[in-house]
Amino acid sequence: MIIAERKPFDEIKQMIQDYPKVLIVGCGTCVAVCLAGGEKEVGILAAELRMALELEGKKIEIGETTVERQCDREFLEAVASQVEQYDAVISMACGVGVQFLAEMYPEKPVYPAVNTTFLGANEDIGFYTERCSACSTCYLALTGGICPVTMCSKGLLNGPCGGPVNGMCEVDRTRPCAWCQIYERLKQQGRLDLLKGVVPAREFRHKPAQFIHPAYKKKFERPQ
Ligand code: SF4
Ligand code: SF4
């Protein structure tokens with residue numbers, strides 16, 4: 001899932017303090033799980049803003065709503081009438097959701113309330129770890145299910161470098177060396193022969209990426 005964290009309160013307040021009516025839109029998916037931008041976080045931010053602005057003598061109406069996913073047009077269409085009533089919008093979704101919301105309602109200024117940080121796993125409540133960099137060429141079949149692009153500090157496709165000491169990474173001695181872990185995993189599975197091959201350099205990935213599911217090629221593909 002996408003991991004994000006809420007921006008500092010003062011930064012958010014600064015962005016919206018000149019609008020009479022502001023709507024906060026949460027997202028009920030990834031950012032809700034990582035406690036950054038779900039319904040509960042929308043309520044907390046709204047309450048904090050109301051209190052802080054009132055103490056400053058500012059009269060700003062703060063509205064609240066949360067959609068299931070902000071990266072999905074159908075859920076954003078459902079808040080059209082609410083967005084219409086406000087002067088600006090705070091999105092508590094990841095950067096994808098913020099951009100999609102801004103694109104759907106281009107006449108409204110849309111401000112981000114969270115910083116999107118990485119693609120990660122939900123280890124426990126409040127604890128998330130990065131696992132994938134969305135490199136578009138997955139190497140996990142060759143590396144025992146441990147991502148070399150993300151888990152190795154240098155993103156080496158052929159490792160380890162010369163730096164690990166007692167299985168720990170030379171860039172950060174508190175972290176295990178991903179390539180030592182890959183070696184141990186492959187050894188455990190009797191697949192060490194995979195390390196004899198050399199993985200060629202990754203193709204440069206053009207951005208922004210686009211993917212059309214094969215079943216929908218006729219519908220969406222445009223002639224070059
Ligand atoms: S190799 Fe790593 S970064 Fe690339 S897709 Fe697989 S898990 Fe993600
Ligand atoms: S010590 Fe291991 S994890 Fe750290 S940079 Fe070298 S190969 Fe990558």
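Modeller: Gladly! Let us begin with what pairing means: two strands count as paired if DSSP finds at least two bridges between them. Keep in mind throughout that this is a predicted model.

Colleague: Thanks. In which sense do S2 and strand S4 pair, and over how many bridges?

Modeller: S2 and S4 (residues 88-91) pair in the parallel sense, over 4 bridges. To see one of those pairings, look at Ile24, whose bridge partner in S4 is Ile90. S2 also has a parallel pairing with strand S3 (residues 61-67), over 7 bridges. There, Lys21 stands opposite Glu61.

Colleague: How many of the residues of S2 are buried?

Modeller: A residue is called buried if 20 or more other C-beta atoms lie within 10 Å of its own. By that count, 6 of the 7 residues in S2 (residues 21-27) are buried, which leaves the strand mostly covered.

Colleague: And where do side chains point in a strand?

Modeller: In a regular strand they alternate between the two faces of the sheet.

Colleague: What about strands S6 and S7: in which sense do they pair, parallel or antiparallel?

Modeller: S6 (residues 114-124) and S7 (residues 127-132) pair in the antiparallel sense, over 5 bridges. In this pairing Leu119 stands opposite Cys132 of S7. The two strands form a hairpin with 2 residues between them, and Gly126 in that hairpin takes a positive phi near 85°.

Colleague: Let us turn to helices. Which residues of helix H6 are buried?

Modeller: In H6 (residues 95-104), the buried residues are Gly97, Val98, Phe100 and Leu101. They are on the same side of H6, because they cover an arc of only 170° around the axis. Their cover includes S2, helix H4 (73-77), S4 and strand S5 (110-112).

Colleague: Which residues other than glycine have a positive phi here?

Modeller: Two to look at are Ala134 and Asn166. Ala134 has a positive phi of about 50°, and its place is in the loop between S7 and H7. Asn166 has a phi near 50° and sits in the loop between H7 and H8.

Colleague: Where does Arg175 lie, and is it buried or exposed?

Modeller: Arg175 lies in the loop between H7 and H8. With 11 other C-beta atoms within 10 Å, it is exposed. Leaving aside residues up to four places away in sequence, Arg175 touches Met168 and Cys169.

Colleague: Which peptide bonds are cis?

Modeller: Omega is the angle to check. The bond from Gly159 to Pro160 is cis, with omega near 0°, and Pro160 is found in the loop between H7 and H8. A cis bond also joins Lys207 and Pro208, with omega about 0°; Pro208 is in the loop between H8 and helix H9 (217-220).

Colleague: Last topic, the ligands. How many residues surround ligand 2?

Modeller: Ligand 2 is surrounded by 15 residues, the closest being Cys152, Pro160, Cys161, Cys169 and Cys177. By class, that shell has 10 nonpolar, 3 polar and 2 charged residues. Around ligand 1 are residues including Cys132, Cys135, Cys138 and Cys147. Its shell divides into 8 nonpolar, 2 polar and no charged residues.

Colleague: And which domains does the assignment give?

Modeller: The domain assignment gives domain 1 (2-118) and domain 2 (135-196). Their C-alpha centres lie 39 Å apart.

Key
Residues numbered from 1 in each chain as written. Chains lettered and ligands numbered in written order. Predicted model: local features only at pLDDT ≥ 70, side-chain atom pairs only at ≥ 80, totals over all residues. Near = placed C-beta within 6 Å. Nonpolar A, V, L, I, M, F, W, Y, C, P; charged D, E, K, R; others polar. Domains from an automatic or database assignment. Buried ≥ 20, exposed ≤ 12 C-beta atoms within 10 Å, placed from the backbone. Arc of directions from axis to C-beta. Contact = placed C-beta atoms within 7 Å.
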